[in-house]
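The sequence and structure are shown first.

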Amino acid sequence: MRSFLNRPSFSVPGVSMEDDKPLRERYSSEITPEDFGTDLTVAGWLQDVRNLGGIAFLQLRDRGGVLQVTAIKKEMGPEGFRELVELPRESVITVTGTVQENDQAKAGFEVLPSSWELLSRAEVPLPLGVVDKVGADLDTRLDNRFMDIRKPEVAAIFRLRSILTEGLRRSLVDQGFVEVATPKIVSAGAEGGATLFKLDYFGKPAYLAQSPQLYKQHLMATGLDRVFEVAPAFRAEPSDTSRHLAEFTSLDVEQAYVSTSEDVMATVERMTVDGIRYMIEGGQELLDQLIVRLDVPPQPFRRIPYDECIDMLRGDGVDVPEDDEMGTEHEKALGQLVHQRWGEDFYFITDFPTRYKVGTFYAHRHEDRPELTGYFDMGVRGLEIASGGKREHRLDVVTAQMEEGGLRPADFEFYLKAFRYGMPPHGGFGYGIERLLQMLLGLPNIRETVLYPRDRQRLVP
RNA sequence: GCCCCGGUAGUGUAGCGGCCUAUCAUCCAGGCCUGUCGAGCCUGGGACCCGGAUUCAAAUUCCGGCCGGGGCGCCA
């Protein structure tokens, strides 16, 4: 056995069995004209066999794509030929053979097998076809998610999600933010409203965190100054819609020494633009595969005060009842209106009225106009992607607003303590990565953006 | 939590009181084919969510349950 470092396949993504023969030397996408005429080992799923009798074309799929293995009966013998071409679809095999240039093959070459090995036989029938000519319901796909993700167009969503998340992270790091991790098992709910998942913590009542809100603000009293976190958030809201999950990925940001919410919006805007640009540049092929055309959104994102949004809607003939907060219908109409009027998809709704933020005790209210807060939403074509703003950092005011919202300051002692010994003014936001991806890729349901979505009914897989 | 809609072969569907021994496609099995690439052609296989009720007769109507889809509320 050669040492790990001397193994010739060290730099290629193959694994090796006892006899040290690599099971894969190349992904299908890595084979170039330089390989023509040489022997190579490839591996993957046998996605389809076209058996013409004396010759059979096998489609072997790996992460990089699909390549053709051409089996010829006369050369393999009737027995060997039969054994190979009768393997069930989606079985995993490794094939060693000569790479031969051939214009008749889609990739421009084919592999003529000299040896092959069955690594894993697939049962029949498949619970979900990977290359079948019929579709499947999302529910069926989720029940068989591992099969579903074998489809390149589904895998593309998750590869793009990875690139997008990386882009957002990079932007924040560039802007001087420190990535942190806060507890997901907590003793009390952060905010009013959303329902919490209760659990038993060594005999004490505890909850799954619905938001890192209290902790990221707490961190503003530490001197880290600028923090962010990408982590799951849990909401026991029995929401059954195409844009809600019981467990979603929340990108949370908090920054110290903000003077107005404009400082926070600047962070949101730059991060959003950087992230999307990064995804377009790094994932162009994947976007093409999904037939999605994306441009970096123009800056600056329009800032529209909440009250002006209401006026805009009414001016357009949308009925918005007096003293009633904008609902989903209004948000969608506003998204359309912004698009029609200015051709823009990204915008901020700013200066949320205080009366709709009563439970949000940490929201800062304008000094000169206490009926308005420094809170904003970032909307994308009518979908709320982010919300945040300038926080209230004065202990006495936070406490008063807590009581006003019907909460007991005593229950938030760990949080309030951080305000007692020097808390800089700060602000931040929560940002839904899945929702952004859903909008960018034009996906009908947010569950498409999550490998194993958790919703009201689904706990498995 | 509220309001609509739905559950038929492995998958996706048609049928919506008797023409149902349930349609079509895909899929699976077998057969033919040495250039397929949505392969083609021939033969065959496989299903009415569960429990009650109405009826001479229920996939079809009614009730309950379970499951799914959409919307609202709330939010990311």
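In the class counts below, Ala, Val, Leu, Ile, Met, Phe, Trp, Tyr, Cys and Pro count as nonpolar, Asp, Glu, Lys and Arg as charged, and the others, Gly among them, as polar. The model is predicted: local features need pLDDT of at least 70, side-chain atom pairs count only at pLDDT 80 or more, and totals for chains, interfaces and linings use all residues. Residues are numbered from 1 along each chain as its sequence is written, chains are lettered from A and ligands numbered from 1 in the order in which they are written, and side-chain values use heavy atoms, with hydrogens and water left out.

**Cavities and pockets**

Rolling a probe the size of a water molecule over the atoms shows where empty space is left. On a 1 Å grid over the protein atoms alone, a cavity is a set of points where a 1.4 Å probe fits but cannot get out, whereas a pocket is an open set with protein on both sides within 12 Å along at least five of seven lines; lining residues have an atom within 4 Å of a point. Grid points are joined across faces, edges and corners, and a volume is the space filled by probe spheres set on the points. Helices (H or I, at least four residues) and strands (E, at least two) are DSSP runs, numbered from the N terminus.

The whole structure holds four cavities of 30 Å³ or more. The second largest cavity has a volume of about 50 Å³. Its lining consists of Glu331, Leu334, Tyr347, Ile349, Asp377, Met378, Gly379, Gly382, Leu383 and Glu384. By class, five of these are nonpolar, two polar and three charged. At least two lining residues come from each of H10, strand E13 (346-350), strand E14 (375-380) and E15, and E14 gives the largest share, three residues.

Of its 24 lining residues, Asp62, Arg63, Gly65, Pro152 and Arg159 lie nearest the centre. Strand E1 (39-51), strand E2 (55-62), strand E3 (65-72), helix H5 (152-174) and helix H8 (284-289) each supply at least two residues of this lining, with the largest share, four residues, coming from H5. The lining comprises 10 nonpolar, six polar and eight charged residues.

**The surface near RNA strand B**

A residue is near the strand if one of its heavy atoms lies within 4 Å of it. There are 52 such residues around RNA strand B, and Arg50, Gln104, Thr328, Arg435 and Gln457 come nearest. This surface has 14 nonpolar, 19 polar and 19 charged residues. E1, E2, helix H3 (138-143), helix H10 (328-342) and strand E15 (383-390) each supply at least two residues; the largest share, four residues, comes from E15. Of the RNA atoms within 4 Å of the protein, 56% belong to sugar or phosphate and the rest to bases.

A polar contact is a pair of N or O atoms within 3.5 Å; within protein, one must be able to donate a hydrogen and the other to accept it, and residues adjacent in sequence count only if both atoms are side-chain atoms.

| Residue | Protein atom | RNA atom | Distance |
|---|---|---|---|
| Leu52 | polar backbone atom | base nitrogen | 3.1 Å |
| Ser242 | side-chain N or O atom | phosphate oxygen | 3.3 Å |
| Ser387 | side-chain N or O atom | phosphate oxygen | 3.1 Å |

**Buried residues**

Buried means under 20% relative accessible area, exposed over 50%, and partly exposed in between (1.4 Å probe, protein chains only). Contact means heavy atoms within 4.5 Å.

Glu90 is found in the loop between helix H2 (78-85) and strand E4 (92-101). Glu90 counts as buried because its relative accessible area is 3%. Its side chain makes a polar contact of 2.9 Å with the side chain of Arg150. Not counting residues up to four places away in sequence, Glu90 also touches others, including Trp45, Arg61 and Met147.

Arg24 lies in the segment before E1 and is buried because its relative accessibility is 14%. A polar atom of the Arg24 side chain is 2.9 Å from the backbone oxygen of Ala43.

Leu286, in helix H8, is buried because its relative accessibility is 12%. Leaving aside neighbours within four places in sequence, Leu286 is in contact with Ala156, Arg159, Leu160 and Ile163.

In helix H13 (residues 433-441), nine of nine residues are buried. Just after H13, Gly442 takes a positive phi of about 65°.
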